[in-house]
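Reader: I would like to go through this structure by helix packing and charge pairs. Please show it.

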Amino acid sequence: MTTFLALAAGGYVTLVTVLYLGQRLLLYRRDHTVPEPRDHGVAEMEAVRIPVGDGIEILSWWHPPREPGRPVVVYFHGNAGHIGERGYKARRMIDAGFGVLLAGYRYNAGAGGAPSEAALLSDARIAMQHVLDLGYEMERLVLYGESLGSGIAVALAADHDVAGLILETPYSSIAEVAQAHYWYTPAKWLIRQLASFLTDTKIPDLNSGLRAFRRDVGRQYLHLLPPGFSCVTTLTMAFLANGYSVKYVPIEYSKRAGRSKFHWWADTRRYLTQVIRLILGYNPLKIFIPLGLLLTVGGFGKLLYDIVDKDWRVATNTIVLLFAAFQVVAIGLLADLIGRVSRATDEVEPARR
């Protein structure tokens with residue numbers, strides 16, 4: 001039995017090591033295809049190479065708006081495939097008269113760059129600046145993020161006063177991806193139950209393929225959104241915790257294409273961080289007060305035992321237990337106070353139901 005457990009543990013460590021060493025290959029799927037607009041139904045689009053530094057030029061496709069004053073969509077696609085596979089989406093935008101920039105990534109189309117979250121965000125800013133340099137105002141830009149690109153679009157929208165933000169199949173919660181690929185971890189169920197408990201609202205699903213919300217309401221909470229997984233989870237929590245209504249509309253959808261972007265270590269760390277943020281940021285007293293009371297009852301119970309059974313010799317663990325109870329309650333009160341003080345005074349009034 002001991003040998004079996006040792007072999008199992010060794011196999012698990014080996015698997016984790018292999019995943020760690022190959023993490024970038026799993027997260028960023030390189031595609032060296034150099035697509036041509038005419039081969040993907042958008043022959044009028046211009047293929048441009050946007051320099052992003054270090055001799056790297058990302059392949060992007062550009063088409064100006066039909067008329068002055070029309071919006072310009074800056075599109076960031078998912079990690080799988082290339083910009084040519086999004087040509088049919090650009091086709092619809094062009095036909096509607098919008099300007100479109102299909103922004104590529106540094107690890108695709110032979111650009112030769114090494115991918116990372118910081119590098120992709122930097123490249124995205126340069127791609128957006130490319131549109132501005134063509135003479136289009138920031139107020140006319142609409143950021144469109146698909147899957148991996150949703151985190152990029154959210155990060156840019158948080159820093160710039162753009163006309164709009166569209167998220168398609170965003171990384172609503174790392175828990176969803178973890179649940180699908182790591183069946184032995186009930187992450188999705190746990191985070192949904194925690195969110196429901198903190199907001200006093202039954203939440204059927206923290207995830208959605210398409211999320212529509214008022215721009216003035218959503219902009220209030222862009223600074224809270226992480227640049228990757230869990231952005232839709234955070235938005236849902238922010239709305240519910242601040243009195244806004246969230247309505248779920250069932251839809252039919254096709255099987256998801258491409259490969260998962262979930263990275264076992266980096267995204268698990270972000271998921272755990274997000275759980276802590278949920279607890280501290282949204283009604284922390286619902287967690288800390290019951291836990292503090294539980295520790296207090298346990299501490300006084302142990303104190304009574306020491307008095308009766310140990311002849312008033314109070315054990316060290318009794319003092320530690322009571323001190324822990326005090327600390328937990330104090331942290332909860334402090335987190336609640338910080339949340340109330342930092343809340344914006346000019347929030348948009350929630351609509352009455």
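Reader: In which handedness does α11 pass α12?

Author: This is a predicted model. Here α11 covers residues 285-309, and α12 covers residues 316-341. The crossing of the two is left-handed.

Reader: Are α11 and α12 roughly parallel or antiparallel to each other?

Author: The two helices pack with their axes 8 Å apart, at an angle of about 160°. Angles over 145 degrees count as roughly antiparallel. Therefore α11 and α12 are roughly antiparallel.

Reader: How many nonpolar residues does the contact of α11 with α12 have?

Author: Sort the contact of α11 with α12 by class. There are 3 charged residues and 7 polar ones. The nonpolar residues number 15.

Reader: Is leucine 293 buried or exposed?

Author: Leucine 293 is part of α11. Its C-alpha atom is 7.0 Å from that of alanine 325, 32 residues away along the chain. The relative accessibility of leucine 293 is 52%. Exposed means over 50%, so leucine 293 counts as exposed.

Reader: Is aspartate 306 buried or exposed?

Author: Lysine 302, its salt-bridge partner, is partly exposed at 23% relative accessibility. Aspartate 306 has 1%. Buried means under 20%, so aspartate 306 counts as buried.

Reader: What separates aspartate 95 and arginine 91 in helix α3?

Author: The two form a salt bridge, with the closest N and O atoms 3.0 Å apart. Aspartate 95 is partly exposed at 48%, and arginine 91 is partly exposed at 23%. Because they sit 4 residues apart in α3 (residues 87-95), the separation is about one helical turn.

Reader: How far apart are the closest N and O atoms of lysine 310 and aspartate 309?

Author: Lysine 310 is partly exposed at 32% relative accessibility. Aspartate 309 is partly exposed too, at 44%. Their salt bridge has its closest N and O atoms at 3.7 Å.

Reader: How many salt bridges does a search of the whole structure find?

Author: Among them is the pair aspartate 95 and arginine 91. Another is aspartate 306 with lysine 302. Over the whole structure, the search finds 13.

Technical notes
Residues are numbered from 1 along each chain as its sequence is written. This is a predicted model: local features need pLDDT of at least 70, side-chain atom pairs count only at pLDDT 80 or more; totals for chains, interfaces and linings use all residues. Side-chain values use heavy atoms; hydrogens and water are left out. Buried means under 20% relative accessible area, exposed over 50%, partly exposed in between (1.4 Å probe, protein chains only). Axes are lines fitted to C-alpha atoms, for helices over the stretch in contact, and angles run from 0 to 180 degrees between N-to-C directions. Angles under 35 degrees count as roughly parallel, over 145 as roughly antiparallel, 65 to 115 as roughly perpendicular and the rest as oblique. A crossing is left-handed if the near helix is turned anticlockwise from the far one by less than a right angle, and right-handed if clockwise. Ala, Val, Leu, Ile, Met, Phe, Trp, Tyr, Cys and Pro count as nonpolar, Asp, Glu, Lys and Arg as charged, and the others, Gly among them, as polar. A salt bridge is a side-chain nitrogen of Lys or Arg within 4 Å of a carboxyl oxygen of Asp or Glu.
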